[in-house]
Amino acid sequence: MFTVMGATGHTGGVVADRLLAAGKKVRAIGRSTDRLQPLTKRGAEPAVGDANEVAFLTSAFQGAEGVYAMVPPDYAAPDQRAYYNRIGAAIENALRSSGVRKVVFLSSLGGERSEGTGPITGLHDLEERFRRLGIDLLVLRPGYFYENFYSSLGLIKHQGINGGAMEPEIPVTMTATNDIGAVAAEELIGGKFNGTGVRELLGPRDYTMSEATRILGGKIGKPDLKYVRFPDAEFAKALVQAGFSQGAADAFVEMSQAFNTGKIRSLEGRNPRNTTPTTFEKFADQLAAAYRKM
């Protein structure tokens with residue numbers, strides 16, 4: 001049996017789906033019984049609760065031969081690093097108490113850095129926490145999620161531009177969350193990872209924000225769609241207006257700066273093991289479908 005955190009989310013949902021399709025028993029962790037229903041109907045055991053609670057996680061991990069661990073986002077948390085560490089401490093204690101020996105953990109490119117990468121510093125802290133457990137740990141480090149572009153659709157719809165705090169012409173490693181979930185499920189099923197290892201997930205190639213914007217524009221009938229580099233303060237203000245805490249907004253500005261300066265980058269270079277298949281050109285069809293429904 002495998003326990004999957006974030007089983008109703010972008011990556012955890014794919015992990016749970018792939019495990020069930022392979023005939024594996026799945027305990028699916030989520031915050032909502034209703035949202036877990038599609039997995040429950042397929043035979044998953046629902047575990048509804050809060051990832052902050054050690055007792056809940058310990059029960060959910062109990063008896064699992066492997067766990068997919070991740071931190072559900074909370075952009076309202078005023079201190080993102082503290083939030084990650086609070087969840088991380090709960091996961092760590094639950095792993096100790098439950099005796100789970102194999103964990104696939106979702107981190108990020110830049111997870112090796114202890115400072116200067118915004119919310120990724122919290123993932124760095126968790127990587128270090130889990131390394132000290134002495135378990136078989138596989139750390140997944142994907143790039144910038146394609147799915148982040150969903151948050152740009154309203155801006156495109158209402159102002160006719162895409163924009164953010166990242167530089168327009170800097171190549172960025174980008175990854176589809178579906179590919180991340182597929183790799184995590186594959187690694188759990190295979191169970192061949194031992195000790196502590198890192199697997200980067202880099203997508204098929206890098207894209208600049210300008211290029212990705214042009215690709216998306218072509219899909220929605222706006223071939224001249226432009227990407228605008230917003231001043232950091234304006235970008236942070238827009239995030240706060242969208243519901244981010246000021247601390248989270250500042251952390252995301254710092255993360256954008258880290259992409260701009262190359263602090264967040266692959267350490268391996270692209271190779272067959274870390275190259276995932278989904279192109280942005282293909283993924284943009286999903287973005288275009290969502291745009292047309294707005």
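Colleague: Of the contacts in the chain with a separation of 6 or more, what share joins residues 24 or more positions apart?
Modeller: This is a predicted model, where local features need pLDDT of at least 70, side-chain atom pairs need pLDDT 80 or more, and totals for chains, interfaces and linings use all residues. Residues are numbered from 1 along each chain as its sequence is written, and side-chain values use heavy atoms, without hydrogens and water. A contact means heavy atoms within 4.5 Å. Of the contacts with a separation of 6 or more, the share between residues 24 or more positions apart is 76%.

Colleague: What radius of gyration does the chain have, against a compact globule?
Modeller: The radius is taken over C-alpha atoms, and the globule rule is 2.2 Å times the number of residues to the power 0.38. For 294 residues that rule gives a value near 19 Å, and the chain agrees with it. Along its principal axes the C-alpha trace spans about 55 × 40 × 35 Å. The radius of gyration of the chain is 19 Å.

Colleague: How many helices and strands does the chain have?
Modeller: Both are DSSP runs, numbered from the N terminus: helices are H or I with at least four residues, strands are E with at least two. The secondary structure comes to 11 helices and 12 strands.
Colleague: And what percentage of the residues is buried?
Modeller: Buried means under 20% relative accessible area, exposed over 50%, and partly exposed in between, with a 1.4 Å probe and protein chains only. Of the 294 residues, the buried ones make up 53%.

Colleague: Which type do the rings of Phe149 and Phe280 form: stacked, edge-to-face or tilted?
Modeller: The whole structure holds 13 aromatic pairs. Rings of Phe, Tyr and Trp (its six-membered ring) pair if their centres lie within 6.5 Å; planes under 30 degrees apart are stacked, over 60 edge-to-face, and the rest tilted. For Phe149 and Phe280 the centres are 5.0 Å apart and the planes stand at 55°, so the pair is tilted.

Colleague: Is Glu92 buried or exposed?
Modeller: Glu92 belongs to helix H4 (residues 80–98). Not counting residues up to four places away in sequence, Glu92 touches Arg129, Phe130 and Leu133. Its relative accessibility is 10%, so Glu92 counts as buried.

Colleague: Which residues does Met294 touch, leaving out those up to four places away in sequence?
Modeller: Met294 lies in the segment after H11. At 46% relative accessibility, Met294 is partly exposed. Met294 and Lys157 are 137 residues apart in sequence, yet 8.2 Å apart in space, C-alpha to C-alpha. With that sequence limit, Met294 touches Leu153, Gly154 and Lys157.

Colleague: What is the relative accessible area of Lys222?
Modeller: Lys222 sits in the loop between helix H8 (209–219) and strand S12 (227–229). Beyond residues up to four places away in sequence, Lys222 touches Ile156, Gly217 and Tyr291. Lys222 is partly exposed, and its relative accessible area is 32%.
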